[in-house]
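Let's take a friendly walk through a protein model. Have a look at the structure below, and then we will start with a pair of helices.

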Amino acid sequence: MKAVQCLAYGEPENLVIADIPEPEPGPHDAVIAVEAVGLGFVDGLVVRGAYQVKRPLPFIPGSELAGTVVAVGEKVSPALVGRRVMALAERGALCEKAVTAAAQCAPLPDGLSSVAAAAALVNYSTAIYGFETCGRLQPGETVLVLGASGGVGMAAIDVARALGATVVAAASSEERLAACARAGAHLTVNYSAPDWRGALEATLDGRPLTVIYDPVGGRWSETAFRCLSPGGRHLVVGFAGGEIPKIPLNLPLLKRASIVGVDWGGHVRAEKDAAAQIFARMIALAREGRISPQPSATYPLEETPALLRRMLNRENIGKPVVTVGAAARSA
């Protein structure tokens with residue numbers, strides 16, 4: 001079968017498209033004929049060896065996929081065979097057939113396409129966990145989404161709207177802000193402006209800022225936190241800006257505000273049923289029409305290296321999806 005392989009840590013241009021043996025399931029595994037793979041900034045970091053968890057070489061990049069189960073291990077119900085699922089594939093997703101723990105698979109309803117599911121899996125799960133569990137977001141609150149034009153940010157816009165919040169999207173250009181508005185942001189602010197704090201305060205126009213969703217870090221985090229209202233929550237999702245910020249602790253003290261880590265991956269590793277619960281919540285929101293996960297664009301497997309390069313260069317808007325097998329042929 002065809003697979004993208006990382007043979008040595010480095011730049012995405014060094015990835016190869018290889019023919020490798022099809023995987024065999026272990027006792028608790030499922031083998032999935034892959035149709036769609038969602039990609040994120042972190043996938044490029046994993047290829048570089050710059051992520052906090054290093055995968056043993058050689059490996060297949062990618063982890064969030066959707067497709068059809070074609071085989072299962074002896075400890076798994078055979079009823080799963082033939083089901084369309086979305087799944088976390090920690091052993092790699094950018095291939096024609098992927099193997100993963102059956103417990104990481106969530107059956108898809110007929111109304112949710114494989115491409116939409118792959119676009120939603122990690123980013124929407126993180127947003128749901130972040131807003132509902134970590135941030136205790138309530139209807140009527142105001143959310144600031146940093147890095148709002150990326151895949152993580154677009155998911156946050158959609159989920160926050162679904163939960164009844166007013167969404168302020170922060171991004172670095174008018175093109176990106178326009179994309180955020182099309183995705184449903186109520187208000188936008190350009191955080192590349194010299195006085196973006198003043199621009200944010202003008203945009204809020206007296207409205208309390210109660211929750212910050214921060215996948216960026218860097219110099220933007222402290223400025224955003226200084227605009228947070230008393231009792232607010234700053235949700236730390238990641239550091240795509242490349243720098244871990246150092247926020248003075250007198251700020252949360254004086255604001256009586258919280259800085260809360262949103263590590264969805266750690267949550268699902270620590271809690272046995274957490275992934276299934278959040279997947280079910282996501283699917284329910286999609287069925288109700290409250291969220292509408294969609295990729296920014298789809299690409300064939302062969303374009304993975306160039307796509308990861310664009311993501312590392314922060315040139316991408318939204319969440320890209322790689323299509324594989326029958327899905328690629330029909331795209």
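## Where two helices meet

Which residues in α2 meet α3, and which residues in α3 do they meet? On the α2 side they are Asn123, Tyr124, Ala127, Ile128 and Phe131. Their partners in α3 are Gly151, Val152, Ala155, Ala156, Asp158, Val159 and Ala160. Sorted by class, this contact of α2 with α3 has nine nonpolar residues, two polar ones and one charged one.

Keep in mind as you explore that this is a predicted model.

## How the pair is arranged

To find the two helices, look for α2 at residues 114-134 and α3 at residues 151-162. Their axes lie 8 Å apart, and the helices pack at an angle of about 50°. The two helices are therefore oblique to each other.

## The whole protein

Now zoom out. The protein has eleven helices and 15 strands. Its radius of gyration is 20 Å, close to the 20 Å that the globule rule gives for 331 residues, so the protein is as compact as a globular protein of that length. Along its principal axes, the C-alpha trace spans about 60 × 40 × 35 Å.

## Inside the fold

What percentage of the 331 residues is buried? Buried residues make up 53% of them.

Contacts tell us about the chain as well. Taking the contacts with a separation of 6 or more, 69% are between residues 24 or more positions apart.

Conventions
Residues numbered from 1 in each chain as written. Predicted model: local features only at pLDDT ≥ 70, side-chain atom pairs only at ≥ 80, totals over all residues. Heavy atoms only, no water. Axes fitted to C-alpha atoms, helices over the stretch in contact; angles between N-to-C directions. Helix = DSSP H or I, 4+ residues; strand = E, 2+ residues; numbered from the N terminus. Parallel < 35°, antiparallel > 145°, perpendicular 65-115°, else oblique. Contact = heavy atoms within 4.5 Å. Nonpolar A, V, L, I, M, F, W, Y, C, P; charged D, E, K, R; others polar. Rg over C-alpha atoms; globule rule 2.2 N^0.38 Å. Buried < 20%, exposed > 50% of the residue type's maximum accessible area, 1.4 Å probe, protein only.
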